[in-house]
Amino acid sequence: MKKIELSSSLQLAPVAIGTMGLMDWGLDKKQLLSRVHEYLDEGLSTYDLADIYGGGECERFFGEMLTLEPSLRDKLEIVTKGGIVFDELRRPYFVSESYNLSKEYLISACENSLKRLGVESIDLYLLHRPCPLMDPEQVAEALLHLKTSGKVKHFGVSNFLPQQMAALEAYTDIPLLTNQIQMSVGCMDFLADDTLEDALRRKIPLMAYSPVAGGRLHKKALSRADYETLAVLQEIREELGAGSLDEVLYAWLYRLPGTVIPVTGTGKKERIQMALKALDLKMSREQWYDILRIARPPEVSKKYHDI
């Protein structure tokens with residue numbers, strides 16, 4: 001299976017295994033090791049983690065699995081993220097989640113991820129969320145420290161808007177190789193906020209989390225809008241000869257210009273294989289637009305002249 005080249009020294013699988021729900025997969029360390037080998041046989045070598053997934057337990061569990069077969073590390077691409085923090089609740093009417101992209105915090109967050117994973121370096125480290133208090137000069141210093149110390153090989157961002165990436169790039173020569181964002185038929189913000197065009201300009205792939213709309217279209221109780229969208233998707237599934245609705249949802253993302261790497265959110269191997277099968281589907285322009293027209297939000301219509 002052909003990998004996606006982000007740089008001369010980093011290639012990712014065309015589908016990334018998302019691990020946010022890793023602790024709910026019902027696997028022990030040996031079973032997870034076996035699963036990783038099964039995925040490698042399919043060409044799937046990229047794992048997406050974050051320090052907040054499972055309160056750090058997902059990174060720790062993945063690292064414990066690697067200790068069973070240390071040589072496996074060099075066969076995988078480890079992607080993880082930092083920057084989201086859970087403060088103590090200061091007031092009853094404030095949520096506890098906030099973001100911290102200070103130099104000290106980013107360095108410590110990355111070092112803690114390395115300890116939990118039990119590895120010497122991270123292949124791709126993402127800034128998990130943009131922060132209104134971000135000092136890009138501090139972030140640049142953190143990236144430089146992590147890179148020159150060998151703790152991180154490559155960097156990217158997650159959920160950043162184009163202008164937020166540009167603000168950071170003004171202070172560093174270290175390339176940002178991807179932007180991981182929510183992308184699906186159920187979340188088309190990327191079509192309205194210039195993120196897609198920005199990725200094309202930078203010639204970087206987008207990593208798409210929740211690529212099948214978080215299972216929203218599989219629920220028994222659907223809204224009228226979702227029911228209408230589902231009807232069109234089912235028609236196109238039959239036209240494409242796809243085996244599942246998820247394959248159509250992935251194919252819709254693959255039809256976009258540039259490169260989209262879906263980050264799966266499931267522990268079920270058969271559902272991950274749907275993302276692979278969709279790589280071979282050839283969705284027409286007309287089919288893509290049929291889905292866009294039925295599912296598009298108002299802001300997309302406004303940007304593209306009420307298509």
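**Notebook: salt bridges, cores and aromatic pairs**

I began with a search of the whole structure, which finds 20 salt bridges, a salt bridge being a side-chain nitrogen of Lys or Arg within 4 Å of a carboxyl oxygen of Asp or Glu. I noted that this is a predicted model, in which local features need pLDDT of at least 70 and side-chain atom pairs count only at pLDDT 80 or more, while totals for chains, interfaces and linings use all residues. Residues are numbered from 1 along each chain as its sequence is written, and side-chain values use heavy atoms, with hydrogens and water left out.

**Charged pairs**

I looked up Lys81 and Asp48, whose side chains meet in a salt bridge at 2.7 Å, N to O. Lys81 belongs to strand E5 (residues 77–82) and Asp48 to strand E4 (residues 46–48), so this pair ties together parts that are 33 residues apart in sequence. Helices (H or I, at least four residues) and strands (E, at least two) are here DSSP runs, numbered from the N terminus. Both Lys81 and Asp48 are buried, where buried means under 20% relative accessible area, exposed over 50%, and partly exposed in between (1.4 Å probe, protein chains only).

I turned next to Glu169, which forms a salt bridge with Arg202, the closest N and O atoms being 2.3 Å apart. Glu169 sits in helix H5 (residues 162–169) and Arg202 in helix H7 (residues 195–202), so parts that are 33 residues apart in sequence are tied together by the pair. Glu169 is partly exposed, with a relative accessible area of 28%, whereas Arg202 is buried, at 16%. Salt bridges that share partners join Glu169, Asp198, Arg201 and Arg202 into one network.

**Nonpolar cores**

I then asked which residues have the most contacts inside the largest nonpolar core. They are Phe62, Leu191 and Trp252, in a core of 85 residues; such a core is a set of buried Ala, Val, Leu, Ile, Met, Phe, Trp, Tyr and Cys residues joined through side-chain atoms within 4.5 Å. Helix H9 supplies the largest share of this core, seven residues. Apart from it lies another core, of 12 residues, among them Leu12, Val79, Leu124 and Leu177.

In helix H10 (residues 269–277) the buried residues are Ile272, Met274, Ala275 and Leu276, and their cover includes strand E3 (17–18), helix H1 (29–41) and helix H9 (245–254).

**Aromatic rings**

I counted five aromatic pairs, using the rule that rings of Phe, Tyr and Trp (its six-membered ring) pair if their centres lie within 6.5 Å, with planes under 30 degrees apart counted as stacked, over 60 as edge-to-face and the rest as tilted. The ring centres of Trp252 and Trp288 are 5.0 Å apart and the planes lie at 5°, so the pair is stacked. Distant parts of the chain are linked by this pair, with Trp252 in helix H9 and Trp288 in helix H11 (residues 285–295), 36 residues apart. Trp252 is buried at 0% relative accessibility, and Trp288 is buried too, at 11%.

For Trp288 and Tyr289 I noted centres 5.4 Å apart and planes at 85°, so that pair is edge-to-face. Tyr289 is partly exposed, at 25% relative accessibility.

Methods
Contact means heavy atoms within 4.5 Å.
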